Each structure stands twice: as C-alpha cells, then as structure tokens.
Amino acid sequence: MVTLDADHEAWAAAQSETTAVVDGRELDVAYYEAGRDNDGPPAIFLHGIPTWSFLWRGIAPAVAEDRHVIVPDLVGYGNSQRTDDFDRSIRAQTGVIAELIADAGYDEVDLVAHDIGGGVALRFAAARPRQVRKLVLSNAACFDSWPVEYINSLGVPGVVEGWDDAEFEENMEFLFAEGAHGDADPAFVAGMREPWAREGGRPALARAAVATNTNHTTCIDYGAITAETLCLWGADDVLQPIDNAERLADAVAGDAEVVGLDDAYHWVTHDRTEAYRERVRTFLAD
C-alpha cells in the first residue's frame, strides 16, 4: 500500500492492470487496489476530467486501512488505455466500472466520486440501486451542470494538439495550480500533469474533452438512487457550485446530506485533504 504522501511515480508503480470492454473493444484499465482482506463491500473511487486515480492519493490509502479499495484510471486517462479509437464518455465509463465491480465479485459497493466520476457513479447507482450501499459525491457533474466552457474548448479539433511546450505548461498551470485554493502542492500539480505530458497525452486530453456529453447526466433517473448519499463539496467551487449538491440531495430517493468544506475549490481532495479524508472514513464506516 502506498503512503498518503506518495508521488505520482510511487502511485503508478503500485497500480495493477486489467481489461474491460467498451462497445466491443477490449481496453487496458490501470487501477490501484489495497485492503482486499478487509471486511465490507469494496469502496470504488472515481476521478474526473482532467485528472486520474492519483487524485485520491491522500484519501484511498487511509480508507484501505479499514476497507477494500479499488481506484481505477478511467479509460482514456492516466495509465489506462489512451488510444484514439474508443468512446470515453460517461456512458462508456459506467460500463467499464460495472465490469470492474462484477470482477471484484461483490453484490454491493460504496462509490466515492469527483467531477465526471460523479456522473459515472450517479448513472451506475440509478441503474443498479441495489448494488450501491453508500455514495459520496464531490463537486460532481450532474443534471445539466457541465461541461464547463474551458473543458469544451479543449475538445475543439487542433487546439490541444497545437500547443507548444510553453502553452502546454501554461494550461497545466491554469488547470491544476490556479484551480487550487491557495498555493498548490507541487507534487499534486506534477502528478496531475504527468500523463498528459507523455507522448500521446495531448490528443488523449482532447479526446477526453470532446467526449463530455451533458445528455449522459440529464437522462439519469435521480429518484431511482436509494443509496445513502453524502455530497461532500468544495464550498467555494465556481465550476460545480454547492447549489448542485443541494439539488442532488433533494433529487435522490435515499437519505442525503450536504457538507460544504470551506477554503476548497474544485480540487477539494487537494485543498482540504485531511477534513475530506476523515469525513469519508466516518461516513463509510457508519
């Protein structure tokens, strides 16, 4: 199990690999796993755009002290397959997660999700309400709240692929350092940018951006979601404001609570790591 302050190289070294099928295409899926021998259903952690499973480095290893955790890189992200020949929309990602859960052999899971990972979790929980015991949603894509204008712009053909090195660094700084509350941890910024800095990273980022589709969350039957739900939100986020959390809490059928963490923007797991970690551990343990 990696330490809570692991850098992106240590995190990647601890990942395993499996496969999942998207529209008949078998794809490689990288994931971090720990605590397999612990009691209870597994906790599945889902990141969003433009991050990868490293987003959970300060959270998942602590939860793994008590629970079995599985933390995948969504297809098209991180160390999962990133070629140019498959769908990486929320619809497709939900199918991948369904396969991973089936392979884990559990009838019930907890889901902890951020950004478009939240959209994936919501789709899964609405389609398979009996399989989701608890649901943590953080600054999640939901209803018609996304995609944001900047992410849309990255999906315009030629934009990301046309960046020179200076433009790449400027945009990574904007995405990760400027998106943090206060000074960003350099290890966080370095870890988030690394997959996109590799060969093939820029077209992969463009394909991820163009795959964002509001219809994949407007069509969700939110009232079918029966899981106990915690909307654990970065209270100062302007991309997915906390009003969306209140709307979610009202829409789902299960018991739901909204907790806003002050001094936290969209990267709430970075801005308020300790508070976020303790809230999640307490919620999943109850």
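Trainee: How far apart are the end C-alpha atoms of residues 43–271, and how much of the span is helix and strand?
Mentor: In this predicted model, the end C-alpha atoms of residues 43–271 lie 22 Å apart.

Trainee: What does UniProt say about residues 43–271?
Mentor: An unreviewed UniProt entry annotates residues 43–271 as "domain: AB hydrolase-1". That label comes from the record.

Trainee: Let us turn to strand β7. Is it largely enclosed or open?
Mentor: Strand β7, residues 228–234, is largely enclosed by the rest of the structure, because six of its seven residues are buried.

Trainee: Which sense do β6 and β7 pair in, and over how many bridges?
Mentor: Strand β6, residues 132–138, pairs with β7 in the parallel sense, and the pairing has four bridges. For example, Val136 has Leu230 in β7 as its bridge partner.

Trainee: And how many bridges join β7 to β8?
Mentor: Six bridges join β7 to β8, the strand at residues 256–261, and these two strands run parallel. Within β8, Gly260 stands opposite Trp233.

Trainee: What do β7, α10 and β8 make together?
Mentor: They make a right-handed β-α-β unit, in which α10 is the helix at residues 242–251.

Trainee: Changing topic: how many disulfides does a search of the whole structure find?
Mentor: The search finds zero disulfides. A disulfide is a covalent bond between the sulfur atoms of two cysteines.

Trainee: Then what about Cys219, how far is its sulfur from the closest cysteine sulfur?
Mentor: The distance is 13 Å, again to the sulfur of Cys142, so it is too far for a bond.

Trainee: Are Cys219 and Cys231 buried or exposed?
Mentor: Cys219 is exposed, with a relative accessible area of 52%. Cys231 is buried, with a relative accessible area of 0%.

Trainee: How many residues are in the largest nonpolar core?
Mentor: The largest nonpolar core has 97 residues. Those with the most contacts inside it are Phe45, Val69, Leu135 and Tyr276.

Trainee: What does Phe45 touch?
Mentor: Leaving out residues up to four places away in sequence, Phe45 touches several residues, including Trp56, Ile59, Val69, Val71 and Val112.

Trainee: Where is Val112, and is it buried or exposed?
Mentor: Val112 is in strand β5, residues 109–114. It is buried, with a relative accessible area of 0%. Apart from neighbours within four places in sequence, the contacts of Val112 include Ile44, Phe45, Val136 and Tyr276. Val112 and Ile44 are 68 residues apart along the chain, and their C-alpha atoms are separated by 6.1 Å.

Trainee: Now a loop, please. Where is Gly35, and what does it touch?
Mentor: Gly35 is in the loop between β2 (25–34) and β3 (43–46). With residues up to four places away in sequence not counted, Gly35 touches Ala64, Arg67 and His68.

Trainee: Last one: where is Ala14, and which residues does it touch?
Mentor: Ala14 is in the loop between α1 (8–13) and β1 (16–22). It is partly exposed, with a relative accessible area of 30%. Not counting residues up to four places away in sequence, Ala14 touches Val2 and Tyr32.

Methods
Residues are numbered from 1 along each chain as its sequence is written. This is a predicted model: local features need pLDDT of at least 70, side-chain atom pairs count only at pLDDT 80 or more; totals for chains, interfaces and linings use all residues. Side-chain values use heavy atoms; hydrogens and water are left out. UniProt positions are given in the numbering used here, feature names are shortened, and annotations may be inferred rather than shown by experiment. Buried means under 20% relative accessible area, exposed over 50%, partly exposed in between (1.4 Å probe, protein chains only). Two strands pair if DSSP finds at least two bridges between them. A crossover is right-handed if, with the strands pointing away from the viewer, the path from the first strand over the helix to the second runs clockwise. A disulfide is a pair of cysteine sulfur atoms within 2.5 Å. A nonpolar core is a set of buried Ala, Val, Leu, Ile, Met, Phe, Trp, Tyr and Cys residues joined through side-chain atoms within 4.5 Å. Contact means heavy atoms within 4.5 Å.
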